[in-house]
Amino acid sequence: MSLHIENLNKHFGNGKHALRDINLEIDQGEMVALIGASGSGKSTLLRHIAGLMPADVGSESCIEVYGECVQRGGQIDRNVRKTRARIGFVFQQFNLVDRLPVLVNVLVGRLHQMPWWRSVTRVFTVRERALALEALDRVGIAECHAQRASTLSGGQQQRAAIARTLVQGARVVLADEPIASLDPESSRNVMEILARICREDGCTVVVSLHQVDMARRYCPRTVALHQGRVVFDGPSERLTPALLRELYGMQADEILNGSESVHSGVTRHPNASAGWQQPLPQAA
Ligand SMILES: Nc1ncnc2c1ncn2[C@@H]1O[C@H](COP(=O)(O)OP(=O)(O)OP(=O)(O)O)[C@@H](O)[C@H]1O
């Protein structure tokens, strides 16, 4: 089991109950979509899994990644740095250092494996550079390795961020709305790359998405959140518009239509309702 989440609850200081009794098991090599309307708790859940945010203190909660404790009872584990090294985090806004070359941004993924003086001086070995170039090649942007990150398109920056997780050697990739700022073609590229590292490297991928169409295209399993609760956990193909309306009421339109209004350009099934597509076979 690569991810184990038990009795997870989170109240923020303002009293907001953002996560409610979350229990999840995710196997190694699964690609799981986390969907839900804005404010449903997707980012908060991913941050808890990465050990970036503690659950309610004194609760019965427990999060483990590959059997290693990330947090228990609202306390982040003392050895979380070791566990975090296996977790790659991909953000909506890429989180690259604009003025640094792409290759150096990708090599940042290795910092945890280096002595401190090398991380400060940013002296990388030939082998480390070769690894980073290989990762950039896998995400299709090796030719951009010497450019400053700021000169890349949004889609290329997101691919560099994924290459960073490859160089890190992450066994779990948590991607928080990685395609929310991208055009349709870049979105498909990024989702295909995530699906490929899942398939080829056996990485576990959990990707939060606003819209169900991408979940159905690329992720065999979807976990749907509504007001901090898991309201669906199962095969993505079961998430029909009717079921989404049952789960989300008026908010279903945000999940069904959002991708169409923001990033149109995907072919719709002739019988589809607004924003709805038939599932495609697993991405190549
Ligand atoms: N630091 C915080 N303090 C107080 N409330 C917060 C904090 N962070 C998040 N929340 C609240 O917790 C709830 C869940 O937020 P979260 O960002 O996880 O939702 P989300 O599903 O990722 O939304 P979006 O799709 O808009 O990014 C929201 O109501 C949000 O306002």
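Residues are numbered from 1 along each chain as its sequence is written. Because the model is predicted, local features need pLDDT of at least 70, side-chain atom pairs count only at pLDDT 80 or more, and totals for chains, interfaces and linings use all residues.

Start with confidence. pLDDT is the predictor's confidence in each residue, on a scale from 0 to 100. The protein has a mean pLDDT of 87. A value of 70 or more is reached by 87% of its residues. The model scores are ipTM 0.97 and pTM 0.87. One stretch needs care: over residues 259–284, pLDDT stays under 50. For that stretch the model has 39 contacts beyond four places in sequence; a contact means that two C-beta atoms, placed from the backbone, lie within 7 Å. Where pLDDT is low, the predicted coordinates should not be read in detail.

Now the sheet. Strands (E, at least two residues) and helices (H or I, at least four) are DSSP runs, numbered from the N terminus. Two strands pair if DSSP finds at least two bridges between them. Here 5 strands form an open sheet in the order E2-E1-E4-E5-E6, and the pairing is antiparallel. Strand E2 (17–26) and strand E6 (75–76) are the edges, each pairing on one side only. Helix H1 packs on this sheet and touches E1 (3–11), E2, E4 and E5. The direction of H1 makes about 125 degrees with that of E1. Such angles run from 0 to 180 degrees between N-to-C directions, with axes as lines fitted to C-alpha atoms, for helices over the stretch in contact.

E4 (residues 62–65) and E5 (residues 68–72) run antiparallel, joined by 4 bridges. Cys-62 stands opposite Arg-72 in E5, and Val-65 has Glu-68 as its bridge partner. There are 2 residues between E4 and E5, and Tyr-66 in the turn has a positive phi of about 50 degrees. Next, 2 bridges join E5 to E6, again antiparallel. Arg-72 has Gln-75 in E6 as its bridge partner. This hairpin also has 2 residues between its strands, and Gly-73 takes a positive phi near 60 degrees.

Finally, which residues come nearest to the ligand? Phe-12, Ala-18, Ser-38, Ser-43 and Thr-44 do, out of 13 around it. A residue counts as near if its C-beta atom, placed from the backbone, lies within 6 Å. Helix H1 (residues 42–49) gives the largest share of this shell, 3 residues. By class, the shell has 2 nonpolar, 9 polar and 2 charged residues. Ala, Val, Leu, Ile, Met, Phe, Trp, Tyr, Cys and Pro count as nonpolar, Asp, Glu, Lys and Arg as charged, and the others, Gly among them, as polar.
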